[in-house]
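Here are my notes on the aromatic side chains. Have the model open while you read.

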Amino acid sequence: MEPKIYTQPNLPYAIDALEPVISKDTISYHWGKHEKTYIDNLNKLIENTEWEDTPLEDIIKTASGPLFNNASQAWNHIFYFFAFSPDGGGNPTGDLAEAINRDFGSFDEFKKLFVKAGTDLFGSGYVWLSQDKNGKLFITQGKDAANPMTQGLTPILAFDVWEHAYYLDYQNRRADALNKLWDIVDWEIVGSRYEKKGR
């Protein structure tokens with residue numbers, strides 16, 4: 001059996017489609033160079049090892065050091081970029097909307113808490129919306145390549161707060177960058193990541 005080689009998927013939109021929220025230049029560097037490097041490094045690290053045919057999510061949940069960092073960053077970037085659409089924005093609907101209202105009071109309150117968590121994270125990382133096994137939603141901060149899957153949570157939405165995610169477009173205005181991302185979130189995709197539990 002041939003060993004698993006991870007490949008970088010094509011984005012579901014043009015490289016300039018998210019402007020002015022995320023510029024063509026930022027996507028060119030962030031997706032075209034940073035993400036490519038993580039995937040290339042991941043493939044080098046798993047070659048001829050026991051990890052060679054391991055699903056990416058399992059590597060994230062069990063590995064450490066450079067292997068974890070590159071596997072998690074490869075996954076995190078795909079998860080981040082594939083939650084956006086040039087036709088995004090608006091409000092979540094259905095089960096996810098109900099869960100947000102239940103666990104945060106309202107969508108507006110959730111957005112405030114989410115952006116605050118991302119703004120308050122010192123250094124590089126992500127702010128995550130995830131659910132536990134009972135369907136309860138949580139906002140968590142993740143340093144560097146951290147992923148909620150290592151805490152037994154299922155990620156639903158991530159905003160990247162590494163400087164390379166926003167600095168070309170917003171300089172040091174991280175809160176502005178995070179607030180603008182709401183204009184391009186594809187809530188149909190994000191909503192499909194949420195699984196309602198129980199009744």
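Which residue lies over the face of Phe 79?

1. That would be Arg 193, at 3.7 Å from the ring centre of Phe 79. Lys 136 has its charged end over the ring of Phe 138, 5.5 Å from the centre. A charge sits over a ring here if NZ of Lys or CZ of Arg is within 6 Å of the ring centre and within 35 degrees of the ring normal.

2. Before going on, the ground rules: this is a predicted model, where local features need pLDDT of at least 70 and side-chain atom pairs count only at pLDDT 80 or more, while totals for chains, interfaces and linings use all residues. Residues are numbered from 1 along each chain as its sequence is written, and side-chain values use heavy atoms, with hydrogens and water left out.

3. Rings of Phe, Tyr and Trp (its six-membered ring) pair if their centres lie within 6.5 Å; planes under 30 degrees apart are stacked, over 60 edge-to-face, and the rest tilted. The count comes to 18 aromatic pairs. One of them is Tyr 126 with Trp 128, tilted, at 5.6 Å centre to centre and 40 degrees between the planes. Tyr 126 is buried at 0% relative accessibility, and Trp 128 is buried at 1% (buried means under 20% relative accessible area, 1.4 Å probe, protein chains only).

4. Phe 159 and Trp 182 have ring centres 4.8 Å apart and planes at 55 degrees, so this pair is tilted. Phe 159 is in strand β3 (residues 154–160) and Trp 182 in the loop between α7 (174–181) and α8 (187–192), 23 residues apart. Helices (H or I, at least four residues) and strands (E, at least two) are DSSP runs, numbered from the N terminus. Both Phe 159 and Trp 182 are buried.

5. Look at the cluster too: ring pairs link residues including Trp 31, Tyr 80, Phe 104, Phe 159, Trp 182 and Trp 187.

Note on methods. Buried means under 20% relative accessible area, exposed over 50%, partly exposed in between (1.4 Å probe, protein chains only).
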